[in-house]
Amino acid sequence: MASHNPVPDITVDTTYGVCAAVGFRAAGVEAGFKASGGKDLALVVNDGPEFNAAAVFTSNRVAAAPVHWSREVIRQGSSRAVILNSGGANACTGAQGFQNTHETAELVAEKLGVGAGDVVVCSTGLIGEQLPMDVMRAGIPPLTEALEAGPEAGKAAAEAIMTTDSVSKQACAARDGWTVGGIAKGAGMLAPGLATMLVVITTDAKLPADALDRALREACRVTFNRTDSDGCMSTNDTVALMASGASGNTADELEFTRALTAVCHSLAQQLITDAEGASHDIAITTVGAATETEAEDVSRTVSRSNLLKAAVFGNDPNWGRVLSAVGTTSAQFDPDQIDVTINGVMVCRNGAIGDSRDNVDMAAARAVDIVIDLKAGNHQATVWSNDLTHDYVEENSAYSS
């Protein structure tokens, strides 16, 4: 989307997901969690021969019961399965909520012949209600019976984790002798904090857990952690990565990180494009920063300006709103040196009027590219966001009902 995109130039296929890698089965079924109907319970299983895993979670201090459970599971550096339900977040549900998570893991483990401590649990939906465990107990047997390898199984799992999503999201990248694939859900409440949304990623490469952890954190750092739809951090954010080693090929850690980053970037972009009610995808890149941290801070601050997001919705290249947001940061810059370019037109030059804003076309395409040059150094960072629309307000005003 952005001309300063830091993501590796690796071909990503969005028609395959978690079953693109060898050694994995998946399923998605309608259990009955969603009042509106449709698939709402998913399972991704690692059949080995290796079971190394890594995960990152929300940094929201009000974390959901599945996050607390799954953090403990992943400490051992391995996992055999990830179960995910939509239609209920199981967040802010107290001791009973944690017990429900534990029971969920036990039910899956019993069907798979593994330990409950091998099962990562994820939930998504409305906060502040107990999961209907009768639905979970009845749903897990047909879910495990539906487990299959192949693209249709992966797609079913991707569909089953949708909440306000309008489309399912999946991506994969095939490298020399091994593959990375993943699914994601999310269309709102997207803001980073180690991870964002619910994501399951699989690979058939042979890699130890510590290498998976390093690769995942770096991939998330420049993709999911820079995907900021509305500045609202979820209580349930989880990105889980499982490695089966079934390809028999050991991946170079750097090359694996590049492929993983490409897959994560594709999933993150799909989330932004499907953001609730959005009509524009916005890439905000800050260049010429003294540090990468300052570049990211500026881009993120601009991405969270409701004034700017509303202007983009109206196809208005209002660069004054960009500058006013930049000015609230602690980044190093001279206000009289900043340039702002919108869709290739430098509308602000040296902190003042640049080329005519009438030259900026924001209506012809969904993508909007904003580049801010601080002229204070050599670092840059991109944050991806979307506009603020009537539909976003309408959808989120009615979500709990």
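In this predicted model, Asn46 touches Gly23, Phe24, Phe51, Ser79, Arg80, Met242, Ala243 and Ser244, leaving aside residues up to four places away in sequence. Asn46 belongs to strand β2. Its relative accessible area is 2%; because buried means under 20%, Asn46 is buried. Although Asn46 and Ser79 are 33 residues apart along the chain, their C-alpha atoms are separated by 7.8 Å.

Strand β2 (41-46) is also among the elements that cover the buried residues of helix α4, as are β1 (24-29), β4 (81-86), β6 (169-174) and β7 (179-185). Helix α4 spans residues 151-160, and its buried residues are Ala153, Gly154, Ala156, Ala157, Ala158 and Ala160.

In soluble globular proteins, nonpolar side chains tend to be buried together.

| Nonpolar core | Size | Residues |
|---|---|---|
| Largest core | 51 residues | Most contacts inside it: Leu41, Leu43, Val82, Ile83, Leu84, Val119 and Met136 |

Helix α7 (residues 292-303) packs against helix α9 (residues 319-326) at an angle of about 130°, and their axes are 9 Å apart. The angle makes α7 oblique to α9. Their crossing is right-handed. On the α7 side the contact is made by Val298, Thr301 and Val302, and on the α9 side by Val322, Ala325 and Val326. The residues of this contact comprise five nonpolar, one polar and no charged.

How values were computed
Residues numbered from 1 in each chain as written. Predicted model: local features only at pLDDT ≥ 70, side-chain atom pairs only at ≥ 80, totals over all residues. Heavy atoms only, no water. Axes fitted to C-alpha atoms, helices over the stretch in contact; angles between N-to-C directions. Helix = DSSP H or I, 4+ residues; strand = E, 2+ residues; numbered from the N terminus. Parallel < 35°, antiparallel > 145°, perpendicular 65-115°, else oblique. Left-handed = near helix turned anticlockwise from the far one by under 90°. Contact = heavy atoms within 4.5 Å. Nonpolar A, V, L, I, M, F, W, Y, C, P; charged D, E, K, R; others polar. Core = buried A, V, L, I, M, F, W, Y, C linked by side-chain atoms within 4.5 Å. Buried < 20%, exposed > 50% of the residue type's maximum accessible area, 1.4 Å probe, protein only.
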